Amino acid sequence: MTARETGILADRAIAALFESGRLISERELERDQIQPASLDLRLGAKAFRVRASFMPGPTSLVSDKLDRLKLHVIDLTEAAVLETGCVYIVPLMERLDLPEGMSASANPKSSTGRLDIFTRVITDYAQEFDKVPAGYSGPLYLEISPRTFPIVVRRGSRLSQIRFRVGNALLGEPELLKLHEAETLVASKLPNVSGGGIALSIDLSGDHEGLIGYRGKHHTAVVDVDKKAQHDIFDFWEPIYSRGRSELILDPDEFYILVSQEAVHVPPFYAAEMTPFDPLVGEFRVHYAGFFDPGFGHEASGGRGSRAVLEVRSHEVPFILEDGQIVGRLVYEHMMEKPEALYGAGLGSNYQAQGLKLSKHFRAGAEPPAT
C-alpha cells in the first residue's frame with residue numbers, strides 16, 4: 001500500500017516533526033517515547049494544584065488561568081504525591097508548532113486509564129479538551145486528577161499520548177465493514193457496525209476460575225506510575241468472580257476493570273480509538289477512551305487478537321451490566337504510511353495478546369482472602 005496524503009502520522013513522520021522543529025522538547029527524546037502512531041508526552045518540572053478544572057476559552061492562555069486558580073505549586077524534580085479528588089495542571093516538556101493542515105488529539109495512556117487517573121491535554125485558547133487545532137503553536141498542559149489511588153509522579157513521567165493527523169482519516173461505515181470482512185477487526189461473526197464504529201461487548205463469563213474483573217479498593221497506598229510490578233494486586237484490587245451468573249451490578253462511582261468479549265485487531269495500515277459510550281444506552285460508561293496502535297492484536301507482531309481491557313464506572317444509580325452487552329465502539333482511521341515498528345513487535349508493548357489484565361504496575365501476590 002502506498003503512502004496517503006491524509007491520515008495518521010506514523011513513527012517515522014513523528015520523528016521528522018522533531019527534526020524540523022515542529023515538535024520541541026526541553027529534554028532529548030527517550031528511546032521508546034515514539035510509538036507506532038503516537039507520542040508519549042512527559043510531565044514537566046512543576047504541578048499546579050488548582051481549585052477546579054477549567055477551559056481556557058478562545059481569548060485566554062492557560063498560564064493566565066493558573067495565576068488566578070492555583071492553590072500551590074508542587075516540585076516534580078523529585079518524586080511527589082498527587083492525591084485523589086484533587087485537580088492538578090502540569091506544563092508538559094513537549095510543545096508544538098504544527099503546520100497548517102495538521103491537527104492532533106490526545107488520550108490517556110493505557111496504564112493511566114487502568115489506574116483510574118483522569119487526564120486531559122489542554123492548549124492555550126482551547127475550547128475542547130484533548131484536541132489540538134490545525135496549525136497550533138504553543139505549549140501543552142496536562143490536567144491530572146487521580147480518582148481511585150493516590151499516585152507518585154515526577155518530571156518525565158508519561159501519563160498521556162498524542163496522535164497527529166492530516167485531513168480526514170476516519171473510515172466510514174461501509175469502508176469499515178469492508179475492512180472487517182477482509183481483516184477481521186473484531187472476533188465476531190455478526191459485527192455491529194453503526195454509529196461510525198464497530199461495537200465491543202462485555203465478557204462476564206469469566207476465565208477458568210470464574211474471574212470476570214476487578215474493583216478498585218479505597219484508602220490504599222500510593223502507586224508509583226514509573227515502576228513496573230511494584231505493587232501487590234490484592235492491596236489495591238478486589239477480584240470479582242461470576243459465581244455462575246451472567247450479570248454484574250455496578251455500584252455508583254466504583255471503578256471496575258473488565259474485558260471485552262471480542263478480540264481486537266488493528267491492521268498495520270490503520271489506527272483505532274475507543275470512543276466514549278453513549279450514556280443514553282445505560283447509566284454507565286467505559287470511562288476512558290483509548291488509542292489502539294497499528295499492530296495491536298496482529299498475528300505477525302505477536303498478537304493473534306488481543307481483547308480490549310475496559311475501565312468501567314456507573315454514575316448516579318446502580319446499573320446491571322449483562323454478559324454480551326455493548327459497552328463501546330472502535331473507530332478506525334487510515335495511517336499515512338505503515339509504521340516502521342508495529343505494536344508489540346520488539347517494542348516491549350505491555351498489552352499485546354492480552355486478556356483481562358491490570359496495569360503494568362501490579363504483580364501477583366498472596367492469594368486473596370476467602371469470602
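Here is a chat about rings, helices, strands and one histidine in this predicted model.

Me: Before we start, what pLDDT do local features need in this model?
Reply: Residues are numbered from 1 along each chain as its sequence is written, and side-chain values use heavy atoms, with hydrogens and water left out. As this is a predicted model, side-chain atom pairs count only at pLDDT 80 or more, totals for chains, interfaces and linings use all residues, and local features need pLDDT of at least 70.

Me: How many aromatic pairs does the structure hold?
Reply: Rings of Phe, Tyr and Trp (its six-membered ring) pair if their centres lie within 6.5 Å; planes under 30 degrees apart count as stacked, over 60 as edge-to-face and the rest as tilted. Going by that, the number of aromatic pairs in the structure is 9.

Me: Which class does the pair of phenylalanine 149 and tryptophan 237 fall into?
Reply: Helices (H or I, at least four residues) and strands (E, at least two) are DSSP runs, numbered from the N terminus. This pair links distant parts of the chain, 88 residues apart: phenylalanine 149 is in the loop between β11 (137-146) and β12 (151-153), and tryptophan 237 is in strand β19 (residues 237-241). With 5.2 Å centre to centre and 80 degrees between the planes, the pair is edge-to-face.

Me: Is tryptophan 237 buried or exposed?
Reply: Buried means under 20% relative accessible area, exposed over 50%, partly exposed in between (1.4 Å probe, protein chains only). Tryptophan 237 is at 0%, so the word for it is buried.

Me: Why is the pair of phenylalanine 296 and tyrosine 343 called tilted, and at what angle are the planes?
Reply: Phenylalanine 296 is buried at 5% relative accessible area, and tyrosine 343 is buried at 12%. The ring centres are 5.5 Å apart, and the pair is tilted because the planes are at 55 degrees.

Me: Which arginine sits over the ring of phenylalanine 291?
Reply: A charge sits over a ring if NZ of Lys or CZ of Arg is within 6 Å of the ring centre and within 35 degrees of the ring normal. The charged end of arginine 120 does this over phenylalanine 129, 3.6 Å from the ring centre. Over phenylalanine 291, 4.1 Å from the ring centre, it's arginine 163.

Me: Where do the buried residues of helix α1 lie around the helix?
Reply: Helix α1 covers residues 11-19, and its buried residues are Asp11, Ile14, Leu17 and Phe18. Seen down the axis they fall within an arc of 110 degrees (taken from the directions from the helix axis to the C-beta atoms). So they line one face of the helix.

Me: Which exposed residues does α2 carry on the face turned away from its buried side?
Reply: In α2 (residues 62-69) the buried residues are Val62, Lys65, Leu66 and Leu69. They fall within an arc of 105 degrees, so they line one face. The face turned away carries Asp67 and Arg68.

Me: Which residue of β13 is the bridge partner of alanine 104?
Reply: Two strands pair if DSSP finds at least two bridges between them. β8 and β13 run antiparallel and are joined by 7 bridges, while 2 bridges join β8 to strand β10 (residues 131-132), also antiparallel. In β10 the partner of alanine 104 is valine 132, and in β13 it is phenylalanine 164.

Me: What are the edge strands of the open sheet of 5 strands?
Reply: The order is β14-β15-β27-β22-β24, with antiparallel pairing. Towards one end, strand β22 (residues 270-275) pairs with β24 over 3 bridges. The edge strands each pair on one side only, and they are β14 (193-194) and β24.

Me: How many Å lie between the C-alpha atoms of histidine 361 and glutamine 230?
Reply: Histidine 361 is in the loop between β27 and β28 and is buried, at 1% relative accessible area. Leaving aside neighbours within four places in sequence, its contacts (heavy atoms within 4.5 Å) include Ser111, Asp224, Gln230 and His231. Histidine 361 and glutamine 230 are 131 residues apart in sequence, yet C-alpha to C-alpha the distance is 5.8 Å.
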